[in-house]
Amino acid sequence: MDAIVAQLQRQYRDYTISLYQQGILDDQFTELKKMQDDGSDFVAEVLSLFFEDCVRLIGNMARALDQTGTVDFSIVGASVHQLKGSSSSVGAKRVKGLCVTFKEFCDTQNYEGCVRCLQQVDIEYKTLKTKLQDMFNLEKQIVQAGGKVPQVDIN
Amino acid sequence: MAEVMLPEKLEISNDTSSLASPELLHVLAVDDSIVDRKFIERLLRVSSCKVTVVDSATRALQYLGLDGENNTVGFEDLKINLIMTDYSMPGMTGYELLKKIKESSAFREIPVVIMSSENILPRIDRCLEEGAEDFLLKPVKLADVKRLRDSLMKAEEKAFNNIIMHKRELEVNDVYSQLKRAKI
């Protein structure tokens, strides 16, 4: 039993570290973890709210960019600003980075740039969602095997 | 011989934690982002604060009773120790909320902290000039809240000590008058 737990913990540690190394997560995600005590689902809950927010905001951006005729870039920009804020709060580093570029394209009214960013943001939040799901599953497996989820030290 | 009443010995401790129960710091948090509301609520709860979160400046004013609807009913019970508000919100901004709070006689003493994802110096200056206690860059950290709590607790301790000192003075004067009357 212990060997299984140890192996799962190792897998979990490696997986988590890789998410940081790939620039998918940043320090803010570490802060979220610090705010969660054993037994609460805070991290999962706040990320869930974040993903719902992504769907809503990306929908707004897509609708605003889909206007045949003139596109109101300020409307697109307003949603990008909100997405930048929430991705920053949860440590979604890549999504946040894309929003910075996206905002610049909104400000310069660059249509192609905006459409490209929209596609990338969509891919990126879905990627994050999948990877975090894998991470949460590993946590569950560790607990089910009778072990504790290790604190992963990124540095 | 007249009985002289001596004041009880007052212990003034330097330990802030003995001052008030840590849970008593009641924070009103204002943010239009659902993710940030969840985040700040948790951040404050794990920092031993009582939290009320609202999603707009208008709702914050309603909660405080400053919206012109319900002016003097039941506010004495409403004890808010700190207001933390996002700067950029649709409708009324955090800055406008700050101004309204500072204009109110009931709430102007409450420290107001502005949070923003943008590090814009003129914005920061404007808020501080309008009386903001602090300006925090988002995302807010546990360390930021701890620092705020510590400085607020220190300010409360100072005020508390001043009250105790004054009370002590009054009691000493009272004993003195009693002694005089008893001609001791």
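The following legends describe close-up views of a predicted model.

**View 1. The largest cavity and its lining residues.** A search of the whole structure finds one cavity of 30 Å³ or more, and the space within the largest cavity amounts to about 40 Å³. Its lining comprises Ser89(A) together with Asp31(B), Asp36(B), Phe39(B), Ile40(B), Met115(B), Lys138(B) and Val140(B). By class, four of the lining residues are nonpolar, one is polar and three are charged. The element that gives the most to this lining is helix H1 (residues 34-46) of chain B, with three residues.

**View 2. The open sheet of chain B.** Five strands with parallel pairing are arranged in the order S2-S1-S3-S4-S5. Strand S2 (50-54) and strand S5 (134-137) of chain B form the edges, each pairing on one side only. On average, neighbouring strands of this sheet are turned by 20° against each other, direction ignored.

**View 3. Pairing of strands S1 and S3 of chain B.** Strand S1 (residues 26-30) of chain B and strand S3 (residues 82-86) of chain B are joined in the parallel sense over four bridges. Leu82(B), in S3(B), is the bridge partner of Val27(B).

**View 4. Helices H3 and H4 of chain B against the strands.** Helix H3 (residues 94-103) of chain B packs on the sheet, where it touches S1, S3 and strand S4 (112-116) of chain B. The direction of helix H3 makes about 175° with that of S4(B). Helix H4 (residues 121-129) of chain B lies across S4 and S5 of chain B and runs at about 150° to S5(B).

How values were computed
Residues numbered from 1 in each chain as written. Chains lettered and ligands numbered in written order. Predicted model: local features only at pLDDT ≥ 70, side-chain atom pairs only at ≥ 80, totals over all residues. Heavy atoms only, no water. 1 Å grid on protein atoms, 1.4 Å probe; cavity = no way out; pocket = protein on both sides within 12 Å on 5 of 7 lines; lining within 4 Å. Points joined across faces, edges and corners; volume = space filled by probe spheres on them. Helix = DSSP H or I, 4+ residues; strand = E, 2+ residues; numbered from the N terminus. Nonpolar A, V, L, I, M, F, W, Y, C, P; charged D, E, K, R; others polar. Pairing = 2+ DSSP bridges. Axes fitted to C-alpha atoms, helices over the stretch in contact; angles between N-to-C directions. Contact = heavy atoms within 4.5 Å.
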